[in-house]
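Please look over the chain shown below before reading on.

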Amino acid sequence: DEAWPGPLRYLHHVDEPLPPRPVAPPRPEPRLDPSPDGGGTFGSALRWSALMNGGRQLATIGISFLLAAQLGPRIFGVVAIATVYVAFVQMILQQGMGAAIIQRRDLRSTHLDTAFWLLMGIGGVLSVASVALSGWWASVNDLPELRDVIWGLTPLVLLRALLIVPDALLRRRLEFRPLALRTNASVILGGLAGLVAAILGAGVWALVIQQLTTAAIEVFVVWAAVDWKPQRRFSRERARELIGFTGPSTRAGFGVFVNARAEALITGILLGPVAVGLHRFGARLVDTVVEAVSGSLRAVALPELSRLQDERHAFVARLVGIVGLAAGVAVIPLAALAAAAQPLLDLAGDEWLPAVPALAILAVAGAGRTIGDLI
């Protein structure tokens, strides 16, 4: 009777409670903070980030000119209007979650698992909403073909959902080498796919193929670079911790999105796809310069500043240094772009020349954006 009670004993002593079996204490969940040896340095991350953004922008600008000469402003405008719609859906999906992972002091594997499944669920719902509302957006812009283009671009939502967590994990560790490889490879291969489709007469679908190919290659390269794989588990507590950070970030992201995309929304509804195509092509050239300058710094600023979040004076000093560097580097290339607006657009063909004044104005405004993107 003194041994562990078996079932026969309890046939005679049914009123005695069953002694609890010894339970092993739960194993503590390891933190996923970047180690000094495993993570990158700010200088190394900045070099790879500059290579990532510089390579992407050079490839983008070359491919954009080739596609512009093949397709013309109207097709660019139709895809730009559809992209604004899909980008808005993506903005709802992606704002804040990556930043929440990057800046979190106490990051556990359950944070990553929870974020992944949360994003996949939201991505699925938003994809359905994108398809369901595509006809309405086409009627608002009086472009019946817009509905099919939105359907074609909707897979970008789920591809983006797949990308956010591993991308944030690499940025948190300041490991920008695989991100640079991903970006340059995806832009070049996606651009080549779109260019081949345009030469074969695919029309508007050439730009859809370009975007889908680019996104799919990005997902493949980034997942190949991380050692983390999602487990089938979801924690409500971890979800609350992550969403607590993403709420303010999402509201801020919405304001930035509206500020950046409002002109395409208004121009598309009032003036049609040709005007949108002319404006967006000029804006893309300016975005190329701005992103090459501020994008490299912005990409490494959050993980770098997150390491200093408890050291106020060091945080402010590093932030001022990053903003000053961006302002100093941006002025000359943007001024050169404004001066060279007409010969640049002449390379794409005469039908693009009406965009010359817009390109010059946007280049001047881009200098302020370079600083604003980092503050």
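The paragraphs that follow treat the fold, a helix pair, several salt bridges and a surface patch in turn.

The model is predicted, and its protein chain has 14 helices and zero strands, so that a reading along the sequence gives helix after helix, in the pattern α-α-α-α-α-α-α-α-α-α-α-α-α-α. Of the 375 residues of the chain, 46% count as buried, while the accessible surface comes to about 18,700 Å², with 66% of that area belonging to carbon and sulfur atoms. Among contacts between residues at least 6 apart in sequence, 83% join residues at least 24 apart.

On the α7 side the contact is made by Leu163, Asp167, Leu170 and Arg171, and on the α8 side by Pro178, Leu179 and Arg182.

Side chains of opposite charge can pair when their charged atoms come close. The structure holds seven salt bridges, including one between Asp113 and Arg233, in which the closest N and O atoms are 2.4 Å apart. Asp113 lies in helix α5 and Arg233 in the loop between α9 (204–225) and α10, so this pair ties together parts of the chain that are 120 residues apart in sequence. The two partners can also be described by their accessibility: Asp113 counts as buried because its relative accessibility is 0%, under the 20% cut-off, whereas Arg233, at 36%, counts as partly exposed.

Another of the salt bridges joins Glu145 to Arg74, with the closest N and O atoms 3.1 Å apart. This pair, too, links distant parts of the chain, since Glu145 sits in the loop between α5 (109–140) and α6 (146–153) and Arg74 in helix α3 (residues 73–94), 71 residues apart. Glu145 is partly exposed, with a relative accessible area of 31%, and Arg74 is partly exposed at 39%. A further salt bridge brings together the side chains of Arg147 and Asp148, at 3.3 Å from N to O; here Arg147 is partly exposed at 36%, and Asp148 is partly exposed at 35%.

On the surface, Ile266, Ile269, Leu270 and Leu271 form a nonpolar patch with about 430 Å² of accessible area together. Of these residues, Ile269 has its place in helix α10 (residues 236–271) and, at 41% relative accessibility, counts as partly exposed.

Note on methods
Residues numbered from 1 in each chain as written. Predicted model: local features only at pLDDT ≥ 70, side-chain atom pairs only at ≥ 80, totals over all residues. Heavy atoms only, no water. Patch = residues over 30% accessible without salt bridge, like charges linked within 9 Å, V, L, I, M, F, W, Y side chains within 5 Å. Areas by Shrake-Rupley, 256 points an atom, 1.4 Å probe, with all protein chains shown as cover. Salt bridge = Lys/Arg side-chain N within 4 Å of Asp/Glu carboxyl O. Helix = DSSP H or I, 4+ residues; strand = E, 2+ residues; numbered from the N terminus. Buried < 20%, exposed > 50% of the residue type's maximum accessible area, 1.4 Å probe, protein only. Contact = heavy atoms within 4.5 Å.
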